[in-house]
Amino acid sequence: MSKLDELIEELCPAGVQYKKLNEIAHYAKKRIDITEIDKNTYVGVENLLQNKQGKTVASSVPNSGKVIRFEIGDILIGNIRPYLRKIWLSDCIGGTNGDVLAIQINDRTEITPEFLYYVISSEKFFLYDVQNSRGVKMPRGDKDVVMKYKLPVPPLEVQCEIVHILDSFTLLTAELTAELTARKKQYEFYRDKVLSHDGIYPMKPLAELGKWSGGKTPSMSEKSFWDQGTIPWISSKDMKSSTLEDTQDHITEKAVKEASMTVYPANSIAVVTRSGILKHTFPVAYVPFETTINQDIKMLVVNEDILPRYAFHVIQGKGNDILVKTKKQGGTVDSLDFQKVLAYKVPVPSKDVQSKLVEVLDNFESICTDLNIGLPAEIEARQKQYEYYRDLLLTFAETGSTLMTDRQTDRQTELSAIKLIQYVFGYVSIELGAIATVTKLAGYEFTKYVTYSDEGKIIALRGLNVKNGKIDLTDVKYIDKSDLTKLNRSKLCSGDMLFTYVGTIGQVAVINENDKYYLAPNVALIRADTQFVNPEYMRYFFQTNTFWDTQINRLLQSSSMKNIPMEKIRKFVLQIPSIEEQNRIVEVLNRFDTLCNDLSAGLPAEIKARQKQYEYYRDKLLSFKELPK
């Protein structure tokens, strides 16, 4: 039993309570003058970051007026689409506006800010918020409905353990991000080193690398220019990666002709010359496909003596210096003096040297940015894994919930999910069909095609041979090997569990490696995934009084119930601790079982006493607390 399982047993034996958000928290209401806070702690949706990244310094802070004061430990949520996923656990005192909700906990001895942060960060809460947002042009979250969201409120010790697990995922992602940042710095260092040829190779202005030109925007009101467009059209919002794969917007052939758009060839280089992003970054992108551009972009089509990838690397490598030396001062929108950009000089070696430089720099870049082989893929996978486990833990926090597996989830992820639930709660409640295949071995077709033979060598088990957890061979039948071909059946495997579902229902037995049986008419075959469950543990579980009272007897209450359908057997719910704990339980029960069934162990009275003792410990070991329905 895990420490957390012991805490649950001690602190919440009847289950975990669910409460509405407004029962444990409220919106911050205190309004203060903007001058009362450090302006670096002002938060609007534009500088609120997603997850635990926090916030940036706001680019626009009110000079006067009132703001809503938030405290350390408050949870801030963006309240306008598409910022509903922006959720931050505050680590400072500051101010915000009506576009951000500041949620304050009533009593932190009931729920911790960290646990509430994870609940509100879950996909379940996000979908709830989206579905209840209001408005057409700029939908907002419904503040009243948000406060009606129901969430689990387990004891503080349980909350802290869940936070600890989820924090470990966040920490791992942060470590990977730091590694990626280090690799990028390494790439930039080597890139700058190999591009530092100012006194070795000829220096040429960027204007001489090829032909530079700009673009424009076809009329937005002319739908025929945009509807079902297939020709890429680059704008600043596309310039987020160093090599573009596609654009968000596309225009039609009609737009190219009637709006006089220039279609640039593949392997051109695009740079942003007018955009707010120029405050801190000079975006450069290699474009491996034909495209058009808008008026904020300039495109370079290189000359024959310049390799396109070299032109990209050298412009990107000198980007910070270009930005500093060519940025215009003043103006409502950040922009570059493009004549100064064209005059900026870069080293231009021979094509052979360019080719070697490109090979080296492409290799460095791929390590940093290629989603197929670089760290970004690992970071993305870890983030998805974190979100999956976060939602899983917070959903399962209601004691007694059954883990429902997803057929789209790969088996390894499913195994990890089960192990995680077992670690946190001590066991997992899960349907039999999720951890085992349940099939009907033989019924009518058996009696139709098979003839019992005294001369046969193959034992055909029947329901009456499955008794009290064992295989009983006092009355067996045999068949000839030729009958196996008729039925297309294979030998039963070690570890297979048999379950009688017709006649005498509910008897179980596990096939061991010494048993040589082939068929079992009117018996269900349960073949468990041994990564999840020990078949012997499952057999003992099926024999418990609790299992019979809650699942078998419930199905047998109907007088017309002559058998249990396969789909209902697959719906049986089992409480499964870790495989190590299952093995320990089986070892203990096997010792009791041996003592109970070995007639040489003592007098019948002693055997009867041992039997009762065995049943007591069996049911005790296999009893788990569940929330009453």
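The following conversation walks through one predicted protein model.

Student: What kind of model is this, and how are residues numbered?
Tutor: It is a predicted model, in which local features need pLDDT of at least 70 and side-chain atom pairs count only at pLDDT 80 or more, while totals for chains, interfaces and linings use all residues. Residues are numbered from 1 along each chain as its sequence is written, and side-chain values use heavy atoms, with hydrogens and water left out.

Student: How many helices and strands are there?
Tutor: The protein chain has 21 helices and 31 strands. Both are DSSP runs numbered from the N terminus: helices are H or I with at least four residues, strands are E with at least two.

Student: How much of the chain is buried?
Tutor: Of its 629 residues, 48% count as buried, meaning under 20% relative accessible area with a 1.4 Å probe and protein chains only; exposed means over 50%, and partly exposed lies in between.

Student: Let us turn to sheets. What is the strand order in the one with β2?
Tutor: That open sheet of four strands runs β2-β9-β6-β7, with antiparallel pairing; two strands pair if DSSP finds at least two bridges between them.

Student: Which strands stand at the edges?
Tutor: β2 (25–27) and β7 (87–89) do; each has a single partner strand, so one side of each is left without a neighbour in the sheet. The twist averages 25° from one strand to the next.

Student: How many bridges join β6 to β7?
Tutor: Three bridges join β6 (residues 75–78) to β7, and L76 stands opposite W88 in β7.

Student: Which helix lies across β6, β7 and β9?
Tutor: Helix α3 (residues 113–120) does, running at about 175° to β7. Axes are lines fitted to C-alpha atoms, for helices over the stretch in contact (heavy atoms within 4.5 Å). Angles run from 0 to 180 degrees between N-to-C directions.

Student: Changing topic: which residues are buried in helix α9?
Tutor: In α9 (residues 319–326), they are G319, I322, L323 and T326. Seen down the axis of α9, the buried residues fall within an arc of 100°, so they line one face of the helix. That arc is taken from the directions from the helix axis to the C-beta atoms.

Student: What is on the other side, and what covers the buried residues?
Tutor: N320, V324 and K325 are exposed on the other side of α9. The cover over the buried residues includes α8 (308–317) and α10 (338–343).
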